[in-house]
Amino acid sequence: KPLVYSDATETDFAAGTGTPWSFKGPKGLQGNLRNIGVYVKETFEDDTITGKVLVGTTADPNAYGQLEIADGTANTDTFNNVDDTDCVISQALAADTQIEVTFVQCADSGAPAGKGRAYVEVDWY
């Protein structure tokens, strides 16, 4: 059963770490993490530290994945595992477990910028 979990708010990666959020799969089902992505709403300027979307647990924020949004990713782009091919670290999500989605603030040698809405795709079985 494929599901897409999408952030309810836009994250300003240049202004902080955003608002963390979480999800759980259908009761009793294990998950297969397929993709992490961001619908970009402002071009990313992050040549020093890339803005990141982390998928993991409270103990290990990037246990399952870490999407690193490249400098120059343009407004209206969708940035995901097509662009960051190793963003999925561990595909296996345990049944009945809360999955945490958090963010890393970006930095730039000039003025940092970058906004977007994160999403996570999971197949439950």
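1. Let me begin with Asn-35, which is in contact (heavy atoms within 4.5 Å) with Asn-80, Asn-81, Val-88, Tyr-119, Val-120 and Glu-121, once neighbours within four places in sequence are set aside. Asn-35 sits in strand β4, residues 31-45. Strands here are DSSP runs of E with at least two residues, helices are runs of H or I with at least four, and both are numbered from the N terminus. From Asn-35, the side chain reaches the backbone nitrogen of Asn-81 at 3.1 Å. Is Asn-35 buried or exposed? Asn-35 is buried, because its relative accessible area is 5% and buried means under 20%, with exposed over 50% and partly exposed in between (1.4 Å probe, protein chains only).

2. A word on the ground rules: this is a predicted model, in which local features need pLDDT of at least 70 and side-chain atom pairs count only at pLDDT 80 or more, while totals for chains, interfaces and linings use all residues. Residues are numbered from 1 along each chain as its sequence is written, and side-chain values use heavy atoms, with hydrogens and water left out.

3. On the overall fold, the chain has zero helices and ten strands. With a radius of gyration of 14 Å, close to the 14 Å that the globule rule gives for 125 residues, the chain is as compact as a globular protein of that length. The radius is taken over C-alpha atoms, and the rule is 2.2 Å times the number of residues to the power 0.38. Along the principal axes, the C-alpha atoms fill a box of roughly 50 × 25 × 25 Å. Of the contacts in the chain with a separation of 6 or more, 81% join residues 24 or more positions apart. Buried residues make up 42% of the 125 residues.

4. The whole structure holds five aromatic pairs; rings of Phe, Tyr and Trp (its six-membered ring) pair if their centres lie within 6.5 Å, and planes under 30 degrees apart count as stacked, over 60 as edge-to-face and the rest as tilted. Tyr-5 and Phe-23 form a stacked pair, at 4.1 Å centre to centre with 15 degrees between the planes. This pair links distant parts of the chain, with Tyr-5 in strand β1 (residues 2-6) and Phe-23 in strand β3, 18 residues apart. Tyr-5 counts as buried at 14% relative accessibility, and Phe-23 is buried at 5%. The rings of Phe-13 and Phe-103 are 5.6 Å apart at their centres with planes at 85 degrees, so that pair is edge-to-face. Phe-13 lies in the loop between β2 (11-12) and β3 and Phe-103 in strand β9, so the pair ties together parts 90 residues apart in sequence. Ring pairs also link Tyr-5, Trp-21 and Phe-23 into a cluster.

5. Please also check the loop between β6 and β7 (78-79), where Thr-76 is found. The phi of Thr-76 is near 80 degrees, a positive value in a residue other than glycine. Thr-76 is exposed, with a relative accessible area of 66%. Thr-73 is found in the loop between β6 and β7 as well, but Thr-73 counts as buried at 6% relative accessibility. A polar atom of the Thr-73 side chain lies 2.7 Å from the backbone oxygen of Ala-70.

6. Finally, Asp-96 has a positive phi of about 55 degrees although it is not a glycine. Asp-96 lies in the loop between β8 (92-93) and β9, and at 46% relative accessibility Asp-96 counts as partly exposed.

Notes. Polar contact = N/O pair within 3.5 Å; in protein donor to acceptor, adjacent residues only side chain to side chain.
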